[in-house]
Amino acid sequence: MSPEPTPPTALPPTTLPPGRPAEDVLTELRALRGGDAPTRGGRTFAYVYDAGVDGLDALAAQAYSAYATVNGLDMTVFPSVARLENDIVAAVAAVLGAPGVQGTFTSGGTESILLAVKTARDHARATRGVTEPRLVLPSTAHAAFHKAAAYLGVRPVVVPVDPVTFRADAAAVAAAIDERTVLVVASAPSYAHGVVDPVAEIAAAAAERGVLCHVDACIGGWILPYLRRTGREVPPFDLSVPGVTSLSVDLHKYGYADKGASVVLYRDAELRRHQYFAHAGWPGYPVVNPTVQGTKSGGLLAQAWAVLRHVGEDGYTALAGRVADASDRLLAGLRATPGVRVLGDPAAGLVAFTLDGADGAPDLSLLLHLADEMRERGWYLQPQLSFDGLPPNLHLTLTPATAGQVDALLADLADALKAARVLPPVAVDPALAELAAGLDPAALGPEEIAGVLAFAGLDPQGGLPTRTAPVLVLLDALPGPLKERLLAEFVGSIFRI
């Protein structure tokens, strides 16, 4: 008699539902997307860059689809990825480079910056024997540099900026350079205020000490040169400036490619080689990675290549002109509004403004009420909190799609400001602020963190608050380390199954 067949082993429980028709899945995705801020139409003034060019999104999607399954890990198997990357880097180098410049396509500004910091660290170790590397940067430099420093064991040395112009102080940067400095940073422009640092002076100070200098042109690198073509005055900032040794530029910003597409440039191949990772000490295939990523879809590379090819030099010049026109009209309207103070001298489509109270000091409560009122009217202006004596403000990123929205924005802004002025001020209890100042973020347990988050209005179980002014006023008053701990715990609570 044959033995009884062994029953199949039960599969572990899964959260995946039974398979569904493709159109049902897409319908659900579209419904989820409906709850997000709009990425087109010119009413979301942060995170998105809308060229307003008919057919550009479709072109990018089709180019991505053609290369979605191509693995950019090995260009010997997929040689077209090398061709596409070389074409993109050559185009960027022609605009921002100098003879001998080499570069790499990356997933975004953060990766470009991380690679530039790694390159500087390893270059200083190899050429100068630096084992305790330092990174000198203005206080307005992007947070990605601090992230890179934390990942790579580099100590950031932060230098205050001019409190009126918000530009880096070249003399203060020079004074902060020492024998352990591996990299000095300048921004073109800084994200927070949209102003261009004195790149030539900072680069000269770095070169005099034999230190590398990186220009963060992630925002401005692809619009500043074309603004210059329209006749606008643009200070020198790229790799043609003596002493500048690397530069990052995001093509998913004013290049209007889809996220994420960025390029990091170096003055020559010898410097760039410190960016690469190679490893042959394992039994698998020999590994060499130009970027942080190993396996990566060729789709992002292909769509960026297609967008650059389609828009072209004259197209980018025209788009830059539209941004400049929108910026001119917006700045004129803001400066004509009582109580509004534009910060610095915006240079490349980024504008930051604050609201001054009767005493001449920034009115944080009114500013955040204004942000909430504008959001209710369908506009997203990005709140930025106070830092190291720099005022809180609302940040706007202008794109060609916003050119036709400036008048409507200013009209709603005037109306929203009237509404905000009659709202009761929001403030932090001084006793609570004093208590928070004495807390050790590292010593707080999960229940204490949950209690503070709930008190602050950051309770994911109850949903995000519809008005953020009370939350942001509290965050503005908290010490930096506690603020960072709470934000990290809040995000962790959102991404929890």
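## Elements and basis of the model

Helices (H or I, at least four residues) and strands (E, at least two) are DSSP runs, and both are numbered from the N terminus. This is a predicted model, in which local features need pLDDT of at least 70 and side-chain atom pairs count only at pLDDT 80 or more, whereas totals for chains, interfaces and linings use all residues. Residues are numbered from 1 along each chain as its sequence is written, and side-chain values use heavy atoms, with hydrogens and water left out.

## Nonpolar cores

A nonpolar core is here a set of buried Ala, Val, Leu, Ile, Met, Phe, Trp, Tyr and Cys residues joined through side-chain atoms within 4.5 Å; buried means under 20% relative accessible area, exposed over 50%, and partly exposed in between, with a 1.4 Å probe and protein chains only. The largest such core holds 95 residues, of which Phe237, Phe353 and Leu370 touch the most other members. Helix H10, which spans residues 299–335, gives the most to this core, with 15 residues. A second, separate core has 25 residues, including Ala124, Leu137, Ala141 and Leu183. In soluble globular proteins, nonpolar side chains tend to be buried together.

The surroundings of Phe353 can be listed by contact, which means heavy atoms within 4.5 Å. When neighbours within four places in sequence are left aside, Phe353 is in contact with Leu334, Val340, Arg341, Val342, Leu343, Leu367, Leu370, Leu381, Asn393, Leu394, Leu396 and Leu413.

## Helix H10 and its partners

For the helix pairs, axes are lines fitted to C-alpha atoms, for helices over the stretch in contact, and angles run from 0 to 180 degrees between N-to-C directions. The axes of helix H3 (residues 79–96) and H10 come within 10 Å and cross at roughly 45 degrees. H3 is therefore oblique to H10, since angles under 35 degrees count as roughly parallel, over 145 as roughly antiparallel, 65 to 115 as roughly perpendicular and the rest as oblique. This crossing of H3 and H10 is left-handed, a term used if the near helix is turned anticlockwise from the far one by less than a right angle, with right-handed used if clockwise. On the H3 side the contact is made by Val81, Arg83, Leu84, Glu85, Asp87 and Ile88, and on the H10 side by Leu301, Ala302, Ala304, Trp305, Leu308 and Arg309. Sorted by class, the contact of H3 with H10 has eight nonpolar, no polar and four charged residues, where Ala, Val, Leu, Ile, Met, Phe, Trp, Tyr, Cys and Pro count as nonpolar, Asp, Glu, Lys and Arg as charged, and the others, Gly among them, as polar.

H10 also packs with helix H12 (residues 406–421), at an angle of about 20 degrees and with the axes 10 Å apart, so H10 is roughly parallel to H12. The crossing in which H10 passes H12 is right-handed. Here Ala326, Arg329, Leu330, Gly333 and Leu334 of H10 meet Val406, Asp407, Leu409, Leu410 and Leu413 of H12, and the contact has seven nonpolar, one polar and two charged residues. Asp325 is likewise placed in helix H10, and with a relative accessible area of 37% it is partly exposed. Although Asp325 and Gly349 are 24 residues apart along the chain, their C-alpha atoms are separated by 9.6 Å.

## Helices H11 and H15

Helix H11 (residues 364–376) and helix H15 (residues 469–477) have axes that come within 9 Å and cross at roughly 145 degrees, and H11 passes H15 in a right-handed crossing. Leu364, Leu368, His369 and Asp372 in H11 meet Ala469, Leu472, Val473 and Asp476 in H15, a contact that divides into five nonpolar, one polar and two charged residues.

Most residues other than glycine have a negative phi, and most peptide bonds are trans. In this model the peptide bond from Ala188 to Pro189 is cis, with omega near -10 degrees, and Pro189 lies in the loop between strand S4 (181–187) and helix H7 (199–208). The bond from Lys259 to Gly260 is also cis, with omega near -5 degrees, and Gly260 is placed in the loop between strand S6 (246–250) and strand S7 (262–266).

Phe166, although not a glycine, has a positive phi of about 65 degrees; Phe166 sits in the loop between strand S3 (155–159) and helix H6 (170–176) and counts as buried because its relative accessibility is 2%. Asp388, again not a glycine, has a positive phi of about 50 degrees; Asp388 lies in the loop between strand S12 (382–384) and strand S13 (393–397), and at 55% relative accessibility it counts as exposed.
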